[in-house]
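This report is meant for a reader who has not seen this structure before. It goes through the model part by part.

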Amino acid sequence: MIENLTFNVAQLLKEPIGAVRAGQVAADVRRLAPELAQADSTVELAMTGPMRLTHTDGGVLVQGALTSQAVLPCSRCLEPVALTLEIELEEVFAQTVDVLTGQAITPEEDDRALWIDDRHLLDLGEVLRQNALVAAPMHPLCRPDCRGLCVICGQNLNEETCTCEAEPDARWAILAKLLQNNES
Ligand SMILES: [Zn+2]
Ligand SMILES: [Zn+2]
């Protein structure tokens, strides 16, 4: 995959405010956000999609609608789950150098991930990483009715049942005793 995460915006910043460029983003998820590629496989996981750069007062507005492949462990059985994430991107990157005069500008933006560097390169890497992590589900499931792992022996209960006796819950034990007394 040819990665495309860095954009030279020098020319765009020389144009009037409101000038637009369209582009394509392409990233290798394994490299960009290894947290979203949790499987021992070398299959490529891609994050791709269109984006738009708009010259704003003091920077560049980046808007994109990306799709990302991801592999996360099932939150119940830990088997890998393949997912497709939708990532909506909308961030303003700030200039740190005036493109016409070469003079340094101190941006109001504190987050350096949102700074255009002194060579007028806009790097989407960190912002995309953060947005992708937010787009990932907190509790992914391999299937809606995943039975998970036995808490005693660790058997994957989707594959096979085990013979472990579930520990009786203390509250149910009291109830069971009451019922027994009633019956006798
Ligand atoms: Zn599962
Ligand atoms: Zn078991």
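## The zinc site of ligand 2

The site of the zinc ion (ligand 2) is tetrahedral, with angles of 103 to 114° among its four donor atoms. The structure is a predicted model. For comparison, the ideal angle for four tetrahedral donors at a metal is 109.5 degrees. The protein donors of the zinc ion (ligand 2) are the SG atoms of Cys150, Cys153, Cys162 and Cys164, which lie 2.3 to 2.4 Å from the ion. Along the chain, these donors follow the spacing C-x2-C-x8-C-x1-C.

Cys153 and Cys164 both lie in the loop between helix 3 (125–135) and helix 4 (170–183), so the pair ties together parts that are 11 residues apart in sequence.

## The zinc site of ligand 1

Which residues coordinate the zinc ion (ligand 1)? They are Cys74, Cys77, Cys142 and Cys146, each through its SG atom, at 2.3 Å. The four donor atoms make angles of 107 to 114° among themselves, and the site is tetrahedral.

The donor residues of the zinc ion (ligand 1) are spaced C-x2-C-x64-C-x3-C in sequence. Cys74 is in the loop between strand 4 and strand 5, and Cys146 is in the loop between helix 3 and helix 4; this pair, 72 residues apart, links distant parts of the chain. Cys74 has a relative accessibility of 1% and therefore counts as buried. Cys146 counts as buried too, at 5% relative accessibility. The limit for this class is under 20%.

Strand 3 (residues 46–56) pairs with strand 4 (residues 59–73) in the antiparallel sense, over eight bridges. Within this pairing, Gly64 of strand 4 stands opposite Met51. The two strands form a hairpin with two residues between them, and Gly58 in the turn has a positive phi of about 95°. Met47 lies in strand 3 and is buried, with a relative accessible area of 0%. From Met47 to Cys146 there are 99 residues in sequence and 27 Å in space, C-alpha to C-alpha.

Strand 4 and strand 5 also run antiparallel, joined by 15 bridges. Leu66 has Ile87 in strand 5 as its bridge partner. Strand 4 and strand 5 form a hairpin with six residues between them. In a regular strand, side chains alternate between the two faces of the sheet.

## Residues with a positive phi

Most residues other than glycine have a negative phi. Leu78 is not a glycine, yet has a positive phi of about 70°. Leu78 is located in the loop between strand 4 and strand 5, in the turn of the hairpin that these strands form. Leu78 counts as exposed, because its relative accessibility is 55% and the exposed class covers values over 50%.

His120 is another residue other than glycine with a positive phi, near 65°. Where is His120 found? His120 is in the loop between strand 5 and strand 6 (121–123). Its relative accessibility is 13%, so His120 counts as buried.

Glu44 lies in the loop between helix 2 (29–32) and strand 3. At 44% relative accessibility, Glu44 counts as partly exposed. Glu44 and Ala33 are 11 residues apart in sequence, and their C-alpha atoms are 13 Å apart in space.

## The largest pocket

How much space lies in the largest pocket? The figure is about 160 Å³. The pocket is lined by 13 residues, and the closest to its centre are Gly58, Ala94, Pro107, Glu108 and Glu109. Gly58 is also the residue with a positive phi in the turn between strand 3 and strand 4.

Strand 5 (residues 80–94) gives the most to the lining of the largest pocket, with three residues. By class, the lining has five nonpolar, five polar and three charged residues.

Definitions and conventions:
Residues are numbered from 1 along each chain as its sequence is written. Chains are lettered from A and ligands numbered from 1 in the order in which they are written. This is a predicted model: local features need pLDDT of at least 70, side-chain atom pairs count only at pLDDT 80 or more; totals for chains, interfaces and linings use all residues. Side-chain values use heavy atoms; hydrogens and water are left out. On a 1 Å grid over the protein atoms alone, a cavity is a set of points where a 1.4 Å probe fits but cannot get out, and a pocket is an open set with protein on both sides within 12 Å along at least five of seven lines; lining residues have an atom within 4 Å of a point. Grid points are joined across faces, edges and corners, and a volume is the space filled by probe spheres set on the points. Helices (H or I, at least four residues) and strands (E, at least two) are DSSP runs, numbered from the N terminus. Ala, Val, Leu, Ile, Met, Phe, Trp, Tyr, Cys and Pro count as nonpolar, Asp, Glu, Lys and Arg as charged, and the others, Gly among them, as polar. Two strands pair if DSSP finds at least two bridges between them. Donors are N, O and S atoms within 2.8 Å of the metal (3.2 Å for Na, K and Ca); water is not among the atoms, so sites may look incomplete. Four donors count as tetrahedral if all angles lie between 85 and 135 degrees; four count as square planar and six as octahedral if opposite donors are over 155 degrees apart and all others between 65 and 115; anything else is irregular. Buried means under 20% relative accessible area, exposed over 50%, partly exposed in between (1.4 Å probe, protein chains only).
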